[in-house]
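Keep the structure open while reading.

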Amino acid sequence: MPNAYLKKQREIEQASLSIGMQVGIQKCFDLMCLCLHDPAVMGKDTFGAARIQKLFEALHQYERELGDAWSMEVESDVQQEHLDAMLREIFGESLVPFATRYPEVAKPNYNRPKKRWK
């Protein structure tokens with residue numbers, strides 16, 4: 001049985017990380033909304049509430065599909081590669097690879113499976 005203290009510490013760390021990610025995502029989205037509605041940025045093709053809501057829903061869908069790319073879950077590296085493939089359709093070979101964009105996010109080590117992997 002794992003040490004109860006270490007388990008509790010892990011839960012606290014994970015909760016803190018999740019809160020930080022949620023705040024960071026919301027901050028980025030709020031600032032993006034301002035940019036999308038700013039004629040100095042978008043010209044005449046600014047986004048109103050309806051287009052921003054549609055974008056918000058699409059962002060949530062992509063997060064559900066690709067969110068594990070930023071985790072240490074099994075096959076997160078597959079999600080990272082899938083994300084890069086999708087972005088490469090936009091940016092071509094100038095795309096900076098996931099590992100370079102997110103050096104803090106490690107790929108899982110399959111030599112030593114984690115207990116939570118099923």
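Buried means under 20% relative accessible area, exposed means over 50%, and partly exposed lies in between, with a 1.4 Å probe and protein chains only. Tyr102 has 29% relative accessibility, so this residue counts as partly exposed. This is a predicted model: local features need pLDDT of at least 70, side-chain atom pairs count only at pLDDT 80 or more, and totals for chains, interfaces and linings use all residues. Residues are numbered from 1 along each chain as its sequence is written, and side-chain values use heavy atoms, with hydrogens and water left out.

**Aromatic pairs**

- The structure holds 4 aromatic pairs. Rings of Phe, Tyr and Trp (its six-membered ring) pair if their centres lie within 6.5 Å; planes under 30 degrees apart count as stacked, over 60 as edge-to-face and the rest as tilted.
- Trp70 and Tyr102 have ring centres 5.7 Å apart and planes at 85°, so this pair is edge-to-face.
- Trp70 lies in the loop between α3 and α4, and Tyr102 in the segment after α5 (98–101), so the pair ties together parts that are 32 residues apart in sequence.
- Phe98 and Tyr102 form a tilted pair, at 4.7 Å centre to centre and 35° between the planes.
- Ring pairs link Trp70, Phe98 and Tyr102 into a cluster.

**Packing of α3 and α4**

- Helices (H or I, at least four residues) and strands (E, at least two) are DSSP runs, numbered from the N terminus.
- Helix α3 (residues 49–66) packs with helix α4 (residues 76–91) at an angle of about 140°, and their axes are 10 Å apart.
- That angle makes α3 oblique to α4. Angles under 35 degrees count as roughly parallel, over 145 as roughly antiparallel, 65 to 115 as roughly perpendicular and the rest as oblique.
- From α3, Tyr62, Glu65 and Leu66 make the contact; from α4, Gln79, His82, Leu83 and Met86 do. Contact means heavy atoms within 4.5 Å.

**Other side chains**

- The charged end of Arg51 sits over the ring of Phe47, 3.8 Å from its centre. The criterion is NZ of Lys or CZ of Arg within 6 Å of the ring centre and within 35 degrees of the ring normal.
- Gln53 lies in helix α3 and is partly exposed, at 40% relative accessibility.
- The C-alpha atoms of Gln53 and Cys33 are separated by 9.8 Å, and these residues are 20 residues apart along the chain.

Terms used
Axes are lines fitted to C-alpha atoms, for helices over the stretch in contact, and angles run from 0 to 180 degrees between N-to-C directions.
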